Amino acid sequence: MKNYDVIIVGAGAAGLSAALYSTRRKLSTLVLSRDLGGQTATTMDIENYPGVDFSTGPDLMSRFAKQAQKFGAEIRLEGVTKIDKAENGFVLLGELGEEYHAKALILAFGKSHRHLDVPGETEFMNKGVVYCATCDAPLFEGKTVAVVGGGNSAMDAVILLSKIASKIYLIHRRNEFRAEEILIDRVKADSKIELVLNSTVQEIKGDQFVNAVRVITPTGPKELPVEGVFVEVGQQIFTDFVKDLVQLNDAGEIMVDNFNQTSCSGLFAAGDVTIVPFKQTVISAGEGAKAALAAYNYLQGRHPGDRFADQGYIK
Ligand code: NAP
């Protein structure tokens, strides 16, 4: 079994930022994650990370990873299937069968793509049905596609696809979007994008690949001829495997306090997997840093928020 001071589960903004802060406190640090970069890496244009005028999501996350590695963080692309509380820490079982021991643990594995759960979605997955515009948009050059959703991810997807596809239907179940106004304005001004509002996807159809999407609109059912369906309807949380270890809220998010402590001593959590509001890269990065500093204090035998005690912060 390999031993570390800190293991971080997840390599998105929260996990990689935690790794940076943990290694700079000279804690031996392992990051375990199925992918690198989390949700930010699936975002094409990042214009709201302070200090960075513009970056693609993958590029920003690769810089996060390199910075953490520069200070000694070990990053392994391996998911975690089981976590047990053990003497003096935690034992984690990796997907490749390896066991790891950590004195302190930070959970930062974010959320996963939500599905539409309509006929044809599973059948045509990766045959026209995709969940990551940044990764898959180039495959749809010159084609007609549909994007489903009304949040920032959907807007990012249509803005990106407008440079690649020939026509884009944006299908949303309401007539109001929850995305940032600046993105909505760009979408509304783009003549390649046709809004299909107050409408829900009923079925994704095709032969070997997607060739249409059936939508229920206010004026009745319609079949839109598309070769791709980008499902951008938000994220789902998968915290079932830690539910006996930490307290979750009704939405399955991990409950944390101001110092990113969970209900289990020595176990911290950060980013989208937690109850933190406003799921944004910059917020996750800050939360990851906070969790690592709190874990450091914990390993020193101090209260996780000790550093702030003399600055008037409430413990
Ligand atoms: P989101 O904000 O939760 O939006 C999901 C959208 O999908 C909503 O419009 C929702 O409709 C719709 N939806 C949910 N379930 C659906 C279903 N079963 N069928 C049809 N439509 C469904 O998710 P997101 O856009 O992925 O964003 C997640 C978080 O990441 C947000 O906090 C967002 O700000 C952040 N993010 C930020 C950026 C950026 O800053 N550039 C980029 C991407 C993501 P309703 O509106 O009717 O609920």
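Trainee: Which residue forms a salt bridge with Lys111?

Mentor: Before we start, this is a predicted model, where local features need pLDDT of at least 70, side-chain atom pairs count only at pLDDT 80 or more, and totals for chains, interfaces and linings use all residues. Residues are numbered from 1 along each chain as its sequence is written, and side-chain values use heavy atoms, with hydrogens and water left out. A salt bridge means a side-chain nitrogen of Lys or Arg within 4 Å of a carboxyl oxygen of Asp or Glu. With closest N and O atoms 3.4 Å apart, the partner of Lys111 is Glu253.

Trainee: Is Glu253 buried or exposed?

Mentor: Buried means under 20% relative accessible area, exposed over 50%, and partly exposed in between (1.4 Å probe, protein chains only). Lys111, at 24%, is partly exposed. Glu253 has a relative accessible area of 12%, so Glu253 is buried.

Trainee: Which residue is linked with Lys111 and Glu253 in a network of salt bridges?

Mentor: Side chains of opposite charge can pair when their charged atoms come close. Here the network of salt bridges joins Lys111 and Glu253 with Lys279.

Trainee: What is the N to O distance between Arg34 and Glu95?

Mentor: Arg34 is exposed, with a relative accessible area of 60%, while Glu95 is partly exposed at 38%. Their side chains meet in a salt bridge, and the N to O distance is 2.5 Å.
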